[in-house]
Amino acid sequence: MSLLTAYPDLISAGLALPATDGPVADFSDTPVWLSLVKAAFLFVYVVLSVVVVIWFERRVIGRMQQRPGPNRFGPLGILQTLADGIKLFLKEDVTPKNADKLMFIAAPLIVASLAFVSFAIIPLGGEVSMFGHTTPLQLTDTPVAVLLVLAVAGVGAYGFVLAGWSSGSTYPLLGGLRSTAQVISYEIAMGLSLVAVFLYSGSMSTSQIVELQSQEWFLGIPGWYVVPLFFSFVVYVITMVGETNRLPFDLAEGEGELGGGFHTEYSSMKFGMFFLGEYINMFTVSALATTLFLGGFHAPWPLNLINDDMLSEGWWGLLWFTLKMWSFIFLFVWLRGSLPRVRYDQFMKLGWKILIPLSLVWVIAVMLIRAAQEGYFGEGRWVTVATLALIGLFVIAGIFVWDRYAQRRAVAREERMAVPAEVDPFAGGYPVPPLPGQKLVEPRRAVEAAAPVAVSTSTTTHDTEERRG
Amino acid sequence: MADQTDPTVEPTGDAQAPSVRERAAAPARPADSGSQKPEPGFLSQLFAPVAGFGVTFATMFRKVPTQEYPEVKFPTAKRFHGRHQLNRHPDGLEKCVGCELCAWACPADAIYVEGADNTPEARFSPGERYGRVYQINYLRCIFCGLCIEACPTRALTMTNEYELTDPSRQALIYEKHQLLAPLRPDMLAPPFPMAEGMEERDYYRGQVTGPTQVQKDHVAERDAAAAREEVSR
């Protein structure tokens, strides 16, 4: 079969929708005490990851700047985070006089504790045998699991705004507002990029989404959503950086503008909790990206062919999941090592004027493609191709219109900014030097410009005397 | 200006770059003349906006130039100006004659010298005088080396040692016993008389190459007398 005729089959085959949209993970053999054990395991996993990532980040950024990074404490400096933590514990815990005590204490607690919640619905691995029970390596799953992550992130924003407000100080207030605005506006684009995933998977349950991605696409390559939903993936990656307040989007902590942002007034372990929460958030969004776009705990392509996907079973999943998650963490660090902080208006413009509209258009396109694949536009292998072609035409037309518009704007801008060949340096009343390429209008001769001197000496002396008197 | 009729894509390649405004307004088309740099390739143009990521990624695999100082010591240049040293003649007598020229030469006023006369009983250097007190204040010293240039007997030179730190100020005023060159195995500890048959100038002519037997006997006898006195006390 030639590639041309195979192509519509490839697309229209799509990935079959599940029978139900509920979780596929089976929790029937999981007693409550085992859930508690798994929660404890998850807690240890996340906290250990944070301990390692702080060291990892500093080491990698160090290498990116051609310096070794922390290397004093422990082999390769790996215990650096421990030292930092002890330092934070031993520091004086200051509460400002103006602070609203209750909220001031509650805010870091909200941030740190909510950061852990999202991990409950992330599948870290497949079915494993634990203390005589067979249970999925996932704390819990619901039919709306991914929405839970968004909701928790939204509630977490309370932590930032309360911290800023309760500090009773200007910079924290501004930082808290910024942080909240950032989280909320980027959550919209993030949600839209997730909608595309839901359209493909037909489910919001994380275990179901992961399961669907393990279906073969062709040549044994699993149908990870990063391929058909590449645009959503890119949008998600951008928004997850905005969501976690990380460089280049760490405007809430812009040292040059806001001091420390919302945590300016925090010290000791209260600050430590913000710190912890921020790093856990990094892991949460990375874990979600892994789950939704990179096939979750399943082994990557060539390895999934070994012995009927043996490497995705049981505890192996934890390895792949961790590796995939850490590749996102590396991306975070790489971004921080490469990019400067953007301006606040640029950041908001990117979110509201680019990411959200484009995501909307993309979601509609995905909707049409899915509808064609599911046979809503009629049967036949060419329906999907026709839909794709139609969308393509539409997009090309859109680009064409946009280009014309941009050109017209550029011309208008050029006219507005055009530099006249000759300038009068005193046109505005103040002397202005000529720009490169400009010529000065030669000023009139000083002799001609000066008023004729015809003042009698007597009047002058009289004047001065009067002024003195 | 010629630039207005000749907008270039790569403003850096042009010696007379047009202003920022003109550059923004100029349509993007390849330079027809004047541009010195070759046009960047298709790929490098495509990835130009994210080239910074390549820079940081590639830097990760470069050699780190950091010197792990306290653990790994990097050798200094051979003529590095480090801590001073008061040298000795081959038989162990001090070269310093206490002339204070180093102290006079010092622009930072870091050196304090007190000379004293050599006596037949206690001779520390060949010739008439020796430096009884010799102090260098390393909180003041700027390691310019003018003292070394001033020294007429080559008594004062500099070593490559640069680890001169201490929590107290007093410890950083180095005394004579800290600055004196250590005795080599064949040297004798002053005071002791000059080599027999030699006078001061012979020392500087290099005719003394080590302690003579008479000098060794003298020092042995001196040490034995001191030990006896110690026991009787």
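Two residues are in contact here if their C-beta atoms, placed from the backbone, lie within 7 Å. Keep that in mind as we walk through this structure, which is a predicted model: local features need pLDDT of at least 70, side-chain atom pairs count only at pLDDT 80 or more, and totals for chains, interfaces and linings use all residues. Residues are numbered from 1 along each chain as its sequence is written, while chains are lettered from A and ligands numbered from 1 in the order in which they are written.

## Chain B from above

Let's take chain B as a whole. In chain B, 66% of the contacts with a separation of 6 or more are between residues 24 or more positions apart. Of its 233 residues, 19% are buried. Buried means that 20 or more other C-beta atoms lie within 10 Å of the residue's own; exposed means 12 or fewer, partly exposed is in between, and the C-beta atoms are placed from the backbone.

Chain B has eight helices and five strands. Helices (H or I, at least four residues) and strands (E, at least two) are DSSP runs, numbered from the N terminus. Read from the N terminus on, the elements go α-α-α-β-α-β-β-α-β-β-α-α-α.

## The sheet in chain B

Which strands of chain B form an open sheet? Three of them do, in the order 2-3-5, with antiparallel pairing. Strand 2 and strand 5 (173–174) stand at the edges with a single partner strand each, so one side of each has no neighbour in the sheet. Two strands pair if DSSP finds at least two bridges between them. Strand 2 and strand 3 (residues 129–137) of chain B run antiparallel and are joined by seven bridges. For example, Val113(B) has Tyr134(B) as its bridge partner in strand 3. As a general point, side chains in a regular strand alternate between the two faces of the sheet.

Now for a bit of the record. An unreviewed UniProt entry carries the annotation "binding site" for Cys106(B), Cys141(B), Cys144(B) and Cys147(B). These four span 42 residues in sequence, yet no two of their C-alpha atoms are more than 10.4 Å apart, so they gather at one spot. A word of caution: UniProt positions are given in the numbering used here, feature names are shortened, and annotations may be inferred rather than shown by experiment.

Let's zoom in on two of them. Cys106(B) is in the loop between helix 4 and strand 2 of chain B, and it counts as buried because it has 21 C-beta neighbours inside 10 Å. Not counting residues up to four places away in sequence, Cys106(B) touches Ile111(B), Leu146(B) and Cys147(B).

Cys147(B) sits in helix 5 of chain B. Is Cys147(B) buried or exposed? Cys147(B) is buried, because 24 other C-beta atoms lie within 10 Å. Leaving aside neighbours within four places in sequence, its contacts are Cys102(B), Ala105(B), Cys106(B), Ile111(B) and Leu156(B).

Two residues of chain B have a positive phi although they are not glycines. Asp109(B) has a phi of about 55°, and Arg154(B) has one of about 60°. Asp109(B) is in the loop between helix 4 (101–105) and strand 2 (111–117), while Arg154(B) is in the loop between helix 5 (146–150) and strand 4 (156–158). Asp109(B) counts as exposed because it has 11 C-beta neighbours inside 10 Å. Arg154(B) also counts as exposed, with 11 C-beta neighbours inside 10 Å.

| Residues joined | Omega |
|---|---|
| Leu247(A) and Pro248(A) | about 5° |
| Pro190(B) and Pro191(B) | about 5° |

Pro248(A) lies in the loop between helix 8 (230–243) and helix 9 (255–258) of chain A. Pro191(B) belongs to the loop between helix 6 (176–179) and helix 7 (200–204) of chain B.

## Over to chain A

Strand 1 (residues 125–130) and strand 2 (residues 133–137) of chain A run antiparallel, joined by five bridges. They form a hairpin with two residues between them, and Phe131(A) in the turn has a positive phi of about 50°. Glu127(A) has Pro136(A) as its bridge partner in strand 2.

Finally, look at Val285(A) in helix 10 (residues 268–293) of chain A. Val285(A) is buried because 26 other C-beta atoms lie within 10 Å. Val285(A) and Thr244(A) are 41 residues apart in sequence, and 8.0 Å apart in space from C-alpha to C-alpha. Neighbours within four places in sequence aside, Val285(A) is in contact with Met240(A), Glu243(A) and Thr244(A).
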